[in-house]
Amino acid sequence: MSTSLRATPSLDEVQVEHRGAVTVLRLCRPHKRNAISDGLMAAIGQRLAELPETTGAVVLHGEGEHFCAGLDLSELQERDAVQGLHHSRSWHKVLSEMEFGTVPVVAALHGAVVGGGLELASACHIRVADDSTFFALPEGSRGIFVGGGGSVRVPKLIGAHRMLDMMLTGRVYKAAEGVALGFAQYHVPEGQALAKALALAEQVAGNAPMTNYALIHGLPRIAEQPADHGFLTESMLAAIAQSAPEAKARVRAFLEGKAAKVQKD
Ligand code: 1HE
């Protein structure tokens, strides 16, 4: 049985650049508006698996006028039901590896962030949208359904009722409204998403690695635990994080007046 789990990674379509502790992954399929083929998704998976130990944060962005036009619809036509199941699961696998990987991922969004492109962005930890960004889930009008984890992740950002409306009516949210709803944490002028994402990623990469790990693995899981379990998980993560030598050094630096204060501006 052929499954998309075995797709050959199209590595030239996900280019990598290491900028110190920040690794930049660039979707490079602009002629298809960075639509996600099996090869492109496999390449994202491979690039994440190959991150060097020196990487403290990743920036994900797209070449051309759009972040990502979603699933490559030309490949959809060739799949039967069983292949469709495995295809969806292959997206789940890669996007879960991103969400629950070793380092935080910052998405720099512009232009279309639609369908599977929105599912991809939703698996990132921080999203920066420039003013050209628009968010949509055209699956409803294409006669299909989300398959890349969107029904799990998108409602957590904007609520199930808004996702339902987007899919039933084809509603498109422009940047300002979309950011206010929760699609992204940052809204910047057109053309500035990548610069802002790089600056944020550099800051994130400067944190103690265990703090970042506890945040990306702990917070989403605690949110789904009963409060009583969540409190215990929190205590265990807090205990592990504070016991790291790096945590002790950082606290000592503050107490000795050598570390930055929290600044209002
Ligand atoms: C594509 C795709 C694609 C562009 N699959 N080929 N996603 C969608 O339903 C979105 C479909 N795309 C669009 O609505 C528009 O292309 C955009 C708004 C994103 C960009 O518009 P524009 O005017 O800049 O580009 P274009 O002229 O529409 O597209 C350029 C080329 O890319 C064109 O091919 P060409 O051979 O005529 O040059 C398009 O056909 C091609 N292209 N988007 C295949 N998506 C895990 S399940 C996820 C389910 C989904 O993601 S469904 C939603 C799919």
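**Close-up views of a predicted model**

View 1. Leucine 255 belongs to helix α12, which covers residues 245–255. The model shown here is predicted. Leucine 255 counts as exposed because its relative accessibility is 66%, and exposure requires a value over 50%. Together with Val251 and Phe254, Leu255 makes a nonpolar surface patch of about 330 Å².

**View 2. The open sheet.** An open sheet is formed by 6 strands, arranged in the order β1-β2-β3-β4-β6-β9, with mixed pairing. Its edge strands, each of which pairs on one side only, are β1 (14–19) and β9 (186–188). On average, and with direction ignored, neighbouring strands of the sheet are turned by 20° against each other.

**View 3. Helix α9 on the sheet.** Helix α9, made of residues 193–205, packs on the sheet. The strands that helix α9 touches are β1, β2, β3 (57–62), β4 (105–109), β6 (126–130) and β9. The direction of helix α9 makes about 165° with that of β3.

**View 4. The pairing of β1 with β2.** Strands of a sheet pair through backbone hydrogen bonds, in either a parallel or an antiparallel manner. For β1 and strand β2 (residues 22–27), the sense is antiparallel, and the pairing extends over 6 bridges. Histidine 18 is placed opposite threonine 23 of β2, and arginine 19 is placed opposite valine 22 of β2.

**View 5. The hairpin of β1 and β2.** Between the two strands of this hairpin there are 2 residues. Glycine 20, in the hairpin, takes a positive phi near 65°.

Key: Residues numbered from 1 in each chain as written. Predicted model: local features only at pLDDT ≥ 70, side-chain atom pairs only at ≥ 80, totals over all residues. Heavy atoms only, no water. Pairing = 2+ DSSP bridges. Helix = DSSP H or I, 4+ residues; strand = E, 2+ residues; numbered from the N terminus. Axes fitted to C-alpha atoms, helices over the stretch in contact; angles between N-to-C directions. Contact = heavy atoms within 4.5 Å. Patch = residues over 30% accessible without salt bridge, like charges linked within 9 Å, V, L, I, M, F, W, Y side chains within 5 Å. Areas by Shrake-Rupley, 256 points an atom, 1.4 Å probe, with all protein chains shown as cover. Salt bridge = Lys/Arg side-chain N within 4 Å of Asp/Glu carboxyl O. Buried < 20%, exposed > 50% of the residue type's maximum accessible area, 1.4 Å probe, protein only.
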